[in-house]
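The following paragraphs are to be read beside the sequence and the structure. They begin with one residue, move to the chain as a whole, and then return to particular side chains.

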Amino acid sequence: MSAVTDTHAADHHDAHGPAKGFTRWLFTTNHKDIGAMYLIFSFAMFLLGGAMAMVIRAELFQPGMQMVEPAFFNQMTTMHGLIMVFGAVMPAFVGLANYMIPLMIGAPDMALPRMNNWSFWLLPAAFLLLVSTLFMEGGAPNFGWTFYAPLSTEYGPPSTTYFIFAVHIMGISSIMGAINVIATIINLRAPGMTLMKMPLFVWTWLITAFLLIAVMPVLAGVVTMMLMDIHFGTSFFNAAGGGDPVLFQHLFWFFGHPEVYIMILPAFGIVSAIIPAFSRKRLFGYTSMVYATGAIAVLSFFVWAHHMFVVGLPLQAELFFMYATMIIAVPTGVKIFNWISTMFRGSLSFETPMLFAVAFVILFTVGGLSGVMLAIAPADFQYHDTYFVVAHFHYVLVPGAIFGIFAAVYYWLPKWTGHMYNEMLGKTHFWMSFIGMNLAFFPMHFVGLAGMPRRYADYPLQFANFNMISSIGAFMFGVTQLLLLYIVIKTIRGGKKAPAKPWDGAEGLEWDLPSPLPYHTFAKPPTVQ
């Protein structure tokens with residue numbers, strides 16, 4: 001690796017010697033530096049989006065209007081969703097990909113290092129633009145994170161144009177990041193590393209990158225059509241001019257549903273590395289995991305209209321999308337079965353990464369089951385746009401995507417910093433997050449089934465108790481994330497030196513390979529499948 005280190009050192013040299021301070025980070029082409037910047041940026045966005053969620057939950061703590069105006073409440077729901085999806089979850093996974101993929105496949109760096117730098121620095125610009133809409137005349141976008149037209153085009157605030165520009169910049173960043181991942185994995189694997197020997201995190205990211213390249217142009221197209229409707233007299237989504245508002249939903253969800261899998265597939269890869277490491281066993285069914293991931297990616301393009309059961313689709317279309325949505329549960333079930341089988345009769349230990357991974361498997365399954373309920377078209381007529389939907393997607397995204405990111409951070413922190421984090425603090429962070437998250441989102445299933453609509457700043461008295469519990473849980477979850485910040489900074493600054501194999505001889509990076517590994521490091525040899 002000395003040659004690699006030398007090239008990275010060379011990256012930071014210019015005519016005047018090595019770059020120092022801010023310029024080092026501004027111009028860096030080192031995949032580890034860029035991965036770290038993505039992770040820092042995504043955590044900052046996570047705290048900002050979380051603060052907006054706190055405003056929402058504070059308002060909903062009691063019935064009646066107490067904290068904010070309804071218009072500002074709507075701005076908060078919109079900005080919270082956009083920042084969490086595009087600013088927190090996606091950049092965090094791109095950061096993990098940047099940092100870990102070259103190490104996992106034996107590459108010296110990402111294939112396109114300068115483009116890598118640019119695709120990161122576009123993000124702060126995009127989110128500065130998005131957040132600045134809060135201070136513009138008429139306020140920030142207030143039409144929900146799905147920005148349905150004609151609500152956004154005919155009745156949105158003037159800042160909608162800036163929001164559209166910000167979305168374009170984010171999309172460009174995502175596409176460049178995805179191209180970089182594909183180029184790296186296809187071209188820079190170490191000799192002898194065939195595709196079916198790659199760790200599953202690399203596989204899930206390869207598939208995710210193809211999804212990104214397929215759907216981001218669709219998002220770019222739909223926001224460009226919005227821009228034309230607002231400023232250039234077209235009527236794509238305006239029925240008065242011969243357009244169709246439902247066209248917007250088709251285009252948005254054709255992007256939006258694969259996007260949901262973009263936010264979860266890398267977490268599948270992370271969990272597939274962590275569970276074998278802490279079970280002291282090889283991953284059960286590596287090949288089926290790869291094919292299941294591919295199947296999920298392909299099927300994700302055939303289910304978009306399950307978000308639209310109430311728009312008046314033809315019966316045949318409703319049946320098609322209902323069955324397609326149920327079929328996508330099959331490859332997901334294969335993955336869950338394989339994770340459980342990996343743990344079965346393993347020599348388990350429950351350090352913080354494993355706790356997050358096990359919670360991921362259990363709670364993601366809960367989110368999946370409520371998803372199957374929502375897939376049933378006649379039932380969805382009742383659930384649609386209620387808090388049941390909010391509960392469903394938060395059970396997929398919080399214990400799914402975000403717990404996956406937390407698990408990865410704890411798992412790889414010793415590798416990144418050379419220090420072990422404080423295990424007791426890590427477990428405290430886990431249990432506080434776990435309890436807070438369930439308190440926040442589980443009651444939403446009940447208020448949703450009882451008919452409470454989403455995105456309302458006020459509600460009838462009958463929903464008061466469950467909303468109070470949700471708000472307490474949300475604040476608990478939110479405050480706990482400051483503990484994570486403390487743990488990471490404390491670990492970077494020092495602590496117990498990490499051994500070469502921090503996880504009890506189970507070097508997780510090797511553990512999802514299908515080839516047999518030396519058994520002598522283990523108390524009990526894994527069974528060969």
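Is arginine 454 buried or exposed? With a relative accessible area of 14%, arginine 454 is buried, where buried means under 20% relative accessible area, exposed means over 50%, and partly exposed lies in between (1.4 Å probe, protein chains only).

The model is a predicted one, in which local features need pLDDT of at least 70 and side-chain atom pairs count only at pLDDT 80 or more, while totals for chains, interfaces and linings use all residues. Residues are numbered from 1 along each chain as its sequence is written, and side-chain values use heavy atoms, with hydrogens and water left out.

The secondary structure of the chain consists of 19 helices and 2 strands; these are DSSP runs, numbered from the N terminus, with helices being H or I of at least four residues and strands E of at least two. The radius of gyration is 23 Å, close to the 24 Å that the globule rule gives for 529 residues, so the chain is as compact as a globular protein of that length. Here the radius is taken over C-alpha atoms, and the globule rule is 2.2 Å times the number of residues to the power 0.38. Along its principal axes, the C-alpha trace spans about 70 × 60 × 45 Å.

Of the 529 residues in the chain, 56% are buried. Contacts, defined by heavy atoms within 4.5 Å, reach across the sequence: among those with a separation of 6 or more, 81% join residues 24 or more positions apart. The accessible surface comes to about 21,400 Å², and carbon and sulfur atoms contribute 71% of that surface; the areas come from the Shrake-Rupley method with a 1.4 Å probe, and for residues only the protein chains shown count as cover.

The charged side chains come next. The chain carries 22 positive and 22 negative side chains, with the centres of the two sets 18 Å apart. Lys and Arg count as positive and Asp and Glu as negative, whereas His and the chain ends are not counted; each charge is placed at NZ of Lys, CZ of Arg, CG of Asp or CD of Glu.

The structure holds 2 salt bridges, a salt bridge being a side-chain nitrogen of Lys or Arg within 4 Å of a carboxyl oxygen of Asp or Glu. One of them joins arginine 454 to aspartate 385, at 3.5 Å from N to O. Aspartate 385 lies in the loop between α15 (377-383) and α16 (387-417), and arginine 454 in the loop between α17 (423-449) and α18 (464-493), so the pair ties together parts that are 69 residues apart in sequence. Aspartate 385 is partly exposed, at 36% relative accessible area. Aspartate 33 and arginine 24 also meet in a salt bridge, at 2.7 Å from N to O. In that pair, aspartate 33 is buried at 6% relative accessibility, whereas arginine 24 is partly exposed at 29%.

Two methionines show what surrounds a buried side chain. Methionine 322, in helix α12 (residues 315-327), is buried at 12%. Leaving out residues up to four places away in sequence, methionine 322 touches Phe309, Ala375, Ile376, Ala377 and Pro378. Methionine 54, in helix α3 (residues 31-59), is buried at 18%. Beyond its neighbours within four places in sequence, methionine 54 contacts Ala474, Phe475 and Gly478.
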